[in-house]
Every structure is written in C-alpha cells, then in structure tokens.
Amino acid sequence: MGMRLLNEEVQEILRKFIVSDDQLKSISIKIEKEMKAGLAKVDGSSIAMLPSYVPALPDGSEEGQYVAIDLSGKNLRIMLLTLKGLGKEPIAVNNNYIVPSHVMKGTGDQLFTFIVNCLQRFLQEFGLVEANLPIGFVFSYPCELLSIRSARLLWWTKGFDIKDCLRKDVVQLLEEALEMNMSTKAQIKAVMNDTVGQLAAAGHKYGPECTIGVVIGYGCNSSYLEKTSKITKFDAVSMGYSHPNMVVVTEWEEFGSKGELDAILTQFDREIDAASVHQGKQMYRFIDKLTGALYLGELVRRVLSQLLLDRILFDGQPCEKLDEPDTFPTKYISEILAEEEGSYKTCRRICDELDVPMHGSADYLIIREVCYAVSNRSAGIVAAAISALLRHVDVSHIKIGVGGALIQFHPTYHRLLHDKLRNLTPDSVQRCQFRSLNLQEYQSKELLNKYGCSVQKFIVATSEDDAAEKLQDFVKALRLKNNNEDNQDWPFRLESEGESLAILVRRIHVNNHPFETVKDLQFTISKECSEVDSGVIKNLVNSMPERIFQEPVDIESGLSDTQAVKIAENLQFKGYLTQSAAEEIKRLYNLFISVDATQVEINPFVETHDGRVFCVDAKMNFDDSAAFRQKEIFAMEDNSEQDAREVEAHHYHLNYIGMDGNIACLVNGAGLAMATMDIIKLKGGEPANFLDVGGAVTEEQVFHAFRIITSDPQVKCVLVNIFGGIVNCVTIANGVVAACRKMDLRVPLVVRIEGTNVDEARHIMKQSGLPIITASNLSEAAEKAVAALPR
C-alpha cells in the first residue's frame, strides 16, 4: 500500500494495527488450547465449543422444498429452497427484511411477532401459506442447544439487547408467535447457528471434504464436524445421541477473557468495547470487535477522529459528523478499497457526505490506508483462528466454507484472508489455489516451447495478409533446413486465435493420446483416444471410469522417473518411445510447478510416424494469486474472445453475464440476481442477463450497469430488483434516475426496491417525473416486466 508516503504520526498509528505472523501463530496456539478445554468441560474455556445436535452434513441427494428463517444482526432473511437431488442445482428464492432498532432492544414478543409477520408476507407472496413446509431456524447468537429443535439463549450479540429472552428457548418463543399470528400450521424442524447453516450449504456444494464453516459478518464465528467421542463434556448416552459425529459451534468470538489479545489491542479497540451495548459482559469479546463488520467502520471512524484531533487530517478543520458514533459504516471501507490505488472518487464523495469542509488527495490516502490496516488485521486474526481449528481437526485434505457480509461485499477481504492462511496453515494441510487466467492455445504453445517441451513449429500472424506472407517465409525456411522437396505437400492448418492467427505445421501421425495435469497434481489420462475428441474425454470419468488412470504426485518430492514411465505406459507408448514420453511428461510437470499453473492439458499428446513425441494442442490455467511473480504470463491475458459487455462490466467491478432474453436485470447480490431470473422465467419472461452490482455500488456503477444492459438490442424492458441491506437505496435511486436521463431510456423500467433509506429513494424516483413502473415485491415486479413487453 502507500504507507511509506504518509507522515510519521500517521504511520505510528497504523503500525499499532500490524500483527506479525509470529504474534498470529502465538494467538492461534492459544485458541487451539481453549478449543480443547471447551470440548472437555462446560464453562471450562473462553471458547464454549457448543454441541449443535446436527449429526451429519448434506450429501447433495436431498430433495424437496424447505423454508429457512435466518436472524443475523440487523438482517432477517427468509428463503424458499428447492432441492432436486444429485447433480442438479438447488433453487433458492429469498427476501431480506431489516429489523428495526427499537425491536432489537425491545421485548421478545416484539421480535418474534416481527419475524412471524415477515414470514407470513413471504409465504403469501409465493402462495405457500397452506403448504405446511418444514422450517429451519438459523439463530446466530450464543445458545445452549438441548436438541435439534431446542435452543436456550445464553446472551445477545450484534447489537441486540432483549432481556426477557435470556435463558429461554428461542424455538418455543417462535412457535408461540407462529400459533398466535399465523393461520397455517408451521413447525420448526431444526434450529442452528448461522455457521452451521454456512457449513451445511458449503458441504452440499463442495462435497464431503468441506467440514468447516466460517461466517465473517457482523461478528465472526465458526463450526465444524467433530467426532462425538471427542466432545467429552457431552454425555451422549444420557442425551440419547447415538450418532458418531456432531457439528460443534466454536463460539470463538469469546476468546480473550484471559488477556490473550491484550498485546495487540489499541486504544481504539478499548474505546469501542467501552461503548458497546454489552459492556462488561462482552468486555473480552474481542475477536468479534477486532474482525466483525459491526465494528470495523466504527473503528476506522475513531482512528480518523483522532487524526483530526491531532490536526493531521483535513488540515485540522472540525468535522462534527466524524465525532458522532456510527457515522462511518463498514460499507464505506468496502467502497474505498474497491477503487484502484490512486483513484479517490469514492473518498471524495464520502468526505462530502460527512460534511468535511476541506479535503484533498493527502487526506484520501490516509483514509484508504486506515481502511486497509483495519481490514488486514481483521483477516489476520480470523486466519489465526481458522489455523487453530485446522490443527485441531488434523486432516490433510479439507475445504472451508466461508461466508458473511465481509466475504460477500468487502472487495479484498477474501484475498487478505487467503494470503494470511497461506502463512498460518499447518504443514499437514494441503493448500489449495484459486483459478483464474486462461491462455489462448498459441500462447500456451509458446510457453511450452520456452520450457523445453516438444511442440510443432509454428508462427503467429495478426491478419490474413500477414499470415500469407509469413507462411511463404516459413515454408522456405523449413525446406532449407530439411533439404526435402516433399515439404511442398505438407498440410497446413490456419487457426483463428482472437485477433491473432496461429499457423501450425502438421506433419504427424496422430494417435490422439490426451494428457492433463490438474489442480490436485493428478494426471488424468485416457487409455484409448484415437477416435475420441477432447469434449468426450472430459466425460470419461463418469461414463467409462475404467479408461481413466490417475497418478497422485507428492508436491514436495515431485514426479518421479518411475511415475513418469508408468503414465507413459498407461498411454500405450511402446519401446524406446516410452522413455521419450516419460521425459516429456516430466518436462510438463516441471512447467506446471514453475508457472503456478492450476491446469496444463495436452490433447492430443502424440507420437509421429518417425518416432517422436509432441504436445499438439494445449490449454493452461493459472493461479491468479501468483500474478505478482508471474507478471510475464499474466501480461498475456487476451480478452478479445470474451463478450465485450462482460469485459467492460468487470472493469467497473460489476458481475455481468449476457443471456438470450429480452428483460434486462439489475440486482444487488448474486443469490437475489439468480432468484430474479428464476421469477422472470416463472412469470413467462426471459432474462437478458445476470447482473449483480454488489453491496458497495456507487451511482457511477449504476449508470454504467444501465448502459451495459441496455446496449443489448434484444432488451425490451429493464427490471431493477434491490434489497438495500448494506447498499443504500438512495444510491440506486440516484443512479437509476441519472442513467435514464443521460441515456434517454426508450424501454419500460420496472423497479422493486426495499431496505436502507427506501422512503427517500422512492421519493427521488417519484419526483424525477420519469415513467418508472414500481412494484412492492419481486413477484409483482416480474409480472409487470413481462406485461410491459411489446406484443
């Protein structure tokens, strides 16, 4: 970052937020110790390690419709989930509701009546009031679970403080409210923590290796699948629990009661604790307060306020809003860090929103660095806690399902967490990689050639005329080299590679042996391929597994000579060609390691009639986290074959995928975007695109989103579906109005908007005088969009 450009006083404050790897490792060891103590004895540890009574995780075979109620922080989410069994994607439709502040600190009756009223509206929207669907209740607060459907609230977190609910069964409270306020007979089938829900969802998606779930939202917590026998404080026999495993909720946010985090606490952390709702009871709940979205924005505000007091920020000019609690929400951090370094449009806008009288580039740099420092420390502490859990479960292959507001909306948090975990993960755990960059075939062949692999001679041209000229020179050179007039009969193939052309000489007898290296360092090889194209080969794993050979490779020792020969033999190379093929395979493996590849696929991998081995066609993917040390490779990225709209959307940090329909969609949140497309389809329309503007969207991004989706001539209507939890509805409204005016929008516009500052947003759209069609819910919005299409 730009810390070296800051003055010494700022650097001194920022250094307080730096936690070294050694400190994080020490914290991690202490967390692991508390975890073991928490499993052994009730109230024996600052990390409670609470039994959940959930005996297993989904395996993907589940079918049916279910309703989920998720209460977490200020958000109440209600979802209709349709599971279709193995190999089929589940369908999820959800609505979000903001819990009013007076309800968060009111009575239990107010809270659970609010939940039931929202549920009633949700079921009515989808015509399911009489369906009597099973309900799962995700209750994201520390509870003593007494069974799979009984949970006694221990204490509140995340800003709630409803005293008459403490020590009561929240399932019973919800069922009483259901009985009092709903005509349908709804029954709660299970209650769980949000981390258990995260783990279950991730396990369903990523398979049996996913046994840890982590939520980094308003607070931070985790759950994992444990052997029942290791939960020694839990008397399984007396509780009638006969299952070998159980999901355990760590409740690690309590860690710190013995002073383990004192060395990394700043004055600002202590100020936040003193001002918290649960001061005293939550005096040591510092993992939450050092990492959660509920506190990070306030932490940045307090740092900036101190810098202002020290006359370092804004030339010492007073800023009353910056002195007020909660005026710098965590979404500001996401918006600021979403911009490229050196670009300060967002910082300038935020300073204006805070009524800062004077501000400039030097101030923006300080604000950005404070946001980064707070975010980076948060990710480091979460990584330390995860590494403790990894050592405790002690398995070599594991997947971690992470979720929550910071993962979903903070533009760099996932990467910060990943980078910290790289340094803290136990050596016994196999590290996984991200997958990103793909090269064109001709680029891959150039890379193969650079690393000594055998490829056909080829040239690259940038146009047809260039190709014709280079082709003549190329043939002459080959004739001179080989002194063989028969070369005039060689077949040539002209291949389009985006805006470049690769000319490949083909003078080979193709046995079409495919060969590929994959992420987990296994070579997947087809036994018989002379009549099978590469598309079919990829399906052999399921259709003809007996024709697939796999060879695991130890990443530390590498591919051995014996293994390379074995692979060559499985490819049916014979005689001296077996050794030639083995040497080529070893060169490919060395390339795979050297360039940080996630896949090197050669298809076909061939022998020629004169007894040579060649890599003919190549496909390579690379770990995008290696971009900093593979600059030459990542500079080869070519977007010429991608949809121009998708490339442009990526430039503005928008998630866009073009489709073939005629109703364009602008939505915040990937799940809501998928649900919007589903509902459009259900109502008889066809979605024209997937577009998730994210939670930190700006008015400028809304404008560009409108411009991109309406550039499709097939679009005959635009549907905006916004639930403003983190996103401000006013931002959307201003962006929509500005886009309509600048672009002179000529197609119907349907808007459904709910959430933060929704009344002000609706007023802005109404006062604009634009012919905006409004809807109160998603179902109505989809119906109006379909009805607005030209007949």
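Predicted model: local features only at pLDDT ≥ 70, side-chain atom pairs only at ≥ 80, totals over all residues.

Me: OK. Which residues of α25 meet α26?

Reply: On the α25 side they are Cys729, Val730, Ala733, Asn734 and Val737. Their counterparts in α26 are Val758, Glu760, Ala761, Ile764 and Met765. By type, the residues of this contact split into 8 nonpolar, 1 polar and 1 charged.

Me: And at what angle do α25 and α26 pack?

Reply: About 10 degrees, with the axes 8 Å apart; α25 covers residues 729-743 and α26 covers 758-767. Angles under 35 degrees count as roughly parallel, and α25 and α26 are therefore roughly parallel to each other. Their crossing is right-handed.

Me: Switching to the sheet. What is the strand order?

Reply: β4-β3-β2-β5-β8, an open sheet of 5 strands with mixed pairing. β4 (91-98) and β8 (188-192) each have a single partner strand, so one side of each has no neighbour in the sheet. On average, neighbouring strands are turned by 15 degrees against each other, direction ignored.

Me: How many bridges between β2 and β5?

Reply: 5, in the parallel sense, between β2 (residues 63-72) and β5 (residues 135-139). One of the bridge pairs is Ala68 with Gly136 in β5. Helix α5 (residues 170-181) packs on this sheet and touches β2, β5 and β8. The direction of α5 makes about 140 degrees with that of β8.

Technical notes. Residues numbered from 1 in each chain as written. Heavy atoms only, no water. Axes fitted to C-alpha atoms, helices over the stretch in contact; angles between N-to-C directions. Helix = DSSP H or I, 4+ residues; strand = E, 2+ residues; numbered from the N terminus. Parallel < 35°, antiparallel > 145°, perpendicular 65-115°, else oblique. Left-handed = near helix turned anticlockwise from the far one by under 90°. Contact = heavy atoms within 4.5 Å. Nonpolar A, V, L, I, M, F, W, Y, C, P; charged D, E, K, R; others polar. Pairing = 2+ DSSP bridges.
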